[in-house]
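This report covers aromatic ring contacts and charges placed over rings. The sequence and structure come first.

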Amino acid sequence: MTEELERILLQLTQPDNAAIQQATAQLKQAFKDPAIIPALCAVMSGSQNPQIRQSAAVMLRLRVKKHWKKIIPNDRERHTVQHSLSQLCAVMVKHETPDRWPALLQFLNQSTKSSNPHERQVGLLLLNKVMESNPEPFKPHYCQLLQLFSTVLQDHNNPTALYYCILTLTAITAYTGSEEMNQMRSIIPSLIVALKHLIKADQSQASEAMEVFNELMESEVSIIVPHVAEIVRFCLEVGSDTTLSDSLRVKALSCIAFLIKLKSKTVLKQKLLNPILQTIFPVLIAAPPPGEHDPEDEEDDSGDGTDNDNPKHCAAQVFIIDTMALHMPPEKLFQQLMPLAKTCLASENPYERKGGLMCLAVLAEGCADHIRTKLLSSMLQTVCQSLSDSNQVVRSAGLFALGQFSEHLQPEVSKYCAELMPLLLGYLSSLNQAKVGHVTKAFYALENFMENLGADIEPYLPTLMETMLSALNNTENLKIKELAVSAIGAIANAAKELLVPYFPPVIESLKGFLTTTTEEMRSLQTQSLDTLSVLARTIGKDVFSPLAAECVQLGLNLTDTIDDPDLRRCTYSLYSAVSTVSPDCLTPHLPAITTVMLLALKSNEGITAHIEEDKTFVLLDDDDDDDNEGQKDVDEFLEDEPETDIHDVAGFSVENAYIDEKEDACDALGEIAFSTGAAFQPFLESSFQQVYEMRDFPHEDVRRAAFGAMGQFCRAQHQVWKENPTEANHQALLKLLDVVLPCFVETVRTEHERQVVMGVLETMNNVIKSCKEEAFKNPHRLKEISHVIRDTVCQDGGGGDEAEDEDQQAEYDAMLQEFAGEGIPLLASSVPADNFAPFLNDLLPLLMSKAKSTCTVADRSFSVGTIGEILQSLMSVSGGQGVAGRLSNRLLPVLVAGVRDSDPEVRNNSVFGLGCLAQQTLHTASDLRVIDNLCAALCRMIMSNVDAVPLEQVVPALVARLPLKEDLEENKTVFNCLAMLYTNTPALVQCKHNLYLVLQSLCGRNMCLSPLASKLVTTQAVILPYFQKAVTSLPGEQQAKLSVAISAS
């Protein structure tokens, strides 16, 4: 059969359709013969024609994969050592563990240690393919493999062997255990040297091989910690070498960014920050080749300011500096970065000035608090000055920086409205609209700034709307129209109902754009839908409701006639916005709307599978055996565009538009479910199931949106149960919570992306806030959530434990901890206080540690603010006063110190907390000295900031615990406070008996009264009788001394 099979395969390669058809028929017949397996093996190993051998190998791989259990055991070990056969072995290893295939291990052992370089290459190729296919069964051999790798990595004259060795090391890294750690660490220096040699031989292979560092960092970062400095130096050397390919340089610099993300404290401790900055700044400020522009300065640029394939813009601006800002303490970063940035900003070279501005721009997100509180004025001045620079490249960078500041430095940046709005409007009016790329950047800066102005936008509204409406009606350029439509959305976010006078002409323009079906209008239509959604939420229910039904129909018509993911996602946002204004308009269309969105979530459209380059053929998915299996095998082999077997795929990519569509579908389903309530019930289960599948989606934005929607579904079901409290609705809620809350907890523990974790924490907080005790019907739930909050609040975001850094952390790490901390008061308000008390005792030390004077303002404010909210929450639950009373000893010093803080927000939060503590504990506390200290603290708080204190609640509770019993030195403070209150608001202090006791106690201590108090007791008719009575109760000698003291004052 072997000769006949080879003849048929040769005939398939002929450029003759009739011959190919005949051969195909013969091949289908041959596949019905069980002897096809050994025949394919014989052709694959014996044919003199390489193309025939390749075809036989691929067909055998296909046949083996689908019919493994039917293969005669003696035939399983027949193989050759070419690429296709190595892939065949990889398929076989998925079905047979190495211990059941001793010949494979024997061959690998012999070939990888062969003295023949080619045999070593082939052996390492085969090893790589089988290890990538199924690495875990080889775990008992890992130590032996690592010894082999250590040897192979010294073979610098055999780059192919180095390449496959490093790929195999990458494949097993995630599966290594503690017993392999020391071996892995010892390999790292040899690995770096091997990569240097591989770069000289093949930059493409070297770029792929460098993935080993990311795998090591992600799977077992402790392996590389001793070698961090070596790895950083190597990556900087590669990243800064302009003779190397862009992809290799980006790979090297992205390795540094990933390291900073995971081990920022290690980078700082090993003093690597300065070498990194010194190396990447020349990359950042490099001018493009003569006659060329940087990608973001091209006229057709989209205005996003990034290019992920370019070392300058991807690695230096985004990957490196942005990652530093997000993951390092701002104080340490700015100390070393700002001198470099200032030098660039003062340079005569426009690209150096541009580099300095881009540096400032990407710092805004990660270091927002630091910039807002310490550097905003000077940095804003620098950016504004750049808008009058003689070079457009610099002006463009300035616009980008201003847009970033406006987005991330709120609300402080909006306080510069009077200076910035005229500047931006003047700049916009002076532009040549033919330069669309630069106009786009100007609109970006203007939109981001004015979107957050609120009512402060009113003086500029006529000018803004005149400009935008003119662009809609008079400009032929569709891109300018699109920018104007987008700007109207930003204006609406700020102006809200102030925009009503301009609503009719705006809505007429949008309708005109949305009823056109020409392809060139697509981008403008997408933006029009976005702006229409904003108007629905901001213009006012009375104004928009009459248009709600028409808008829904408009969206449905568009998705019926146009197949475009961007357009579809914008209709989802429109439906979501309409549901908040007029949910009844949406109800009749829910079947159609949910069907489209669920299809978007299920769809694989836009997902591209990347096949390894040496895989000439790709297999279809396994099918069940049937009578036509020989026919199917041949058809699959001859298929022009076969489906992809996932095991043959090197990776996937998803078009951004389809990612955005899935994200917006999740967001919209959640909000629509909550807004439409009972009407959404028929669609809740199917929607939940599909959204739940998205929780593991590769892109973090889709995961975040899926978790948000799951939370909305819980809140929607809770609302339905509250409105219709049947047992079925209650059980449906509990069932939903039992799935969703454990999913949230697990995600917070395991998710690597902080933005996703923050989204999950925020959503979980909203669910607890809505569902309260229903969320804790499961007896284990309170413990699980309390512990995950505790672990998040005290986690080390920088991957280190250096004591000297304990009070310094990246702002985003602090933000993550705040999201977790916001859940503590919600837990306190949802369960009986005694149930929560053990967990609260566990959490309080973490909160109190952030109130230290060495902590940042943001940390101190968060700490005392959260403590105040916890105390407030305890008021509403059974046993709350008792728990608050028991905590007063610990909390009082923290809050008292906060009242004296230099920051007004910290002081206000502390005042609020003290007020809550007073309301809770002055009635229940048993420690007399604690009560006295609390009374004195309240009095100082009232005297220092009377407007911030809820006097109606605090003063009665204060007076009721007078006079002081233990700490009598504080009587003077108390009386001075009461004297002030009597002077300003005498109606507040009504308890005359307590006043008499205070005066008696004060007189008995023979303490000198303040001038205010002396004047008060001798002139206020309401106090004088009680003061005289108190004085006469004293011994004669004390009466005389007190009279002298009053006279002297």
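## Phe688 and Tyr692

Tyr692 is partly exposed, with a relative accessible area of 22% (buried means under 20%, exposed over 50%, partly exposed in between; 1.4 Å probe, protein chains only). Its ring forms a stacked pair with Phe688, at 5.6 Å centre to centre and 25° between the planes. Rings of Phe, Tyr and Trp (its six-membered ring) pair if their centres lie within 6.5 Å; planes under 30 degrees apart count as stacked, over 60 as edge-to-face and the rest as tilted.

Phe688 and Tyr692 are about one helical turn apart because they are 4 residues apart in helix 33 (residues 681-693). Helices (H or I, at least four residues) and strands (E, at least two) are DSSP runs, numbered from the N terminus.

## Basis of the values

The model is predicted: local features need pLDDT of at least 70, side-chain atom pairs count only at pLDDT 80 or more, and totals for chains, interfaces and linings use all residues. Residues are numbered from 1 along each chain as its sequence is written, and side-chain values use heavy atoms, with hydrogens and water left out.

## Phe688 and Phe713

Phe688 counts as buried, at 11% relative accessibility. Phe688 also forms an edge-to-face pair with Phe713, at 6.3 Å centre to centre and 65° between the planes. This pair links distant parts of the chain, since Phe713 is in helix 34 (residues 700-723), 25 residues from Phe688. Phe713 is buried as well.

## Cluster and charges

Phe680, Phe683, Phe688, Tyr692 and Phe713 are linked into a cluster by ring pairs. The structure holds 9 aromatic pairs.

Arg695 lies over the face of Tyr692, 3.8 Å from the ring centre, and Arg715 over the face of Phe674, at 4.2 Å. A charge sits over a ring if NZ of Lys or CZ of Arg is within 6 Å of the ring centre and within 35 degrees of the ring normal.
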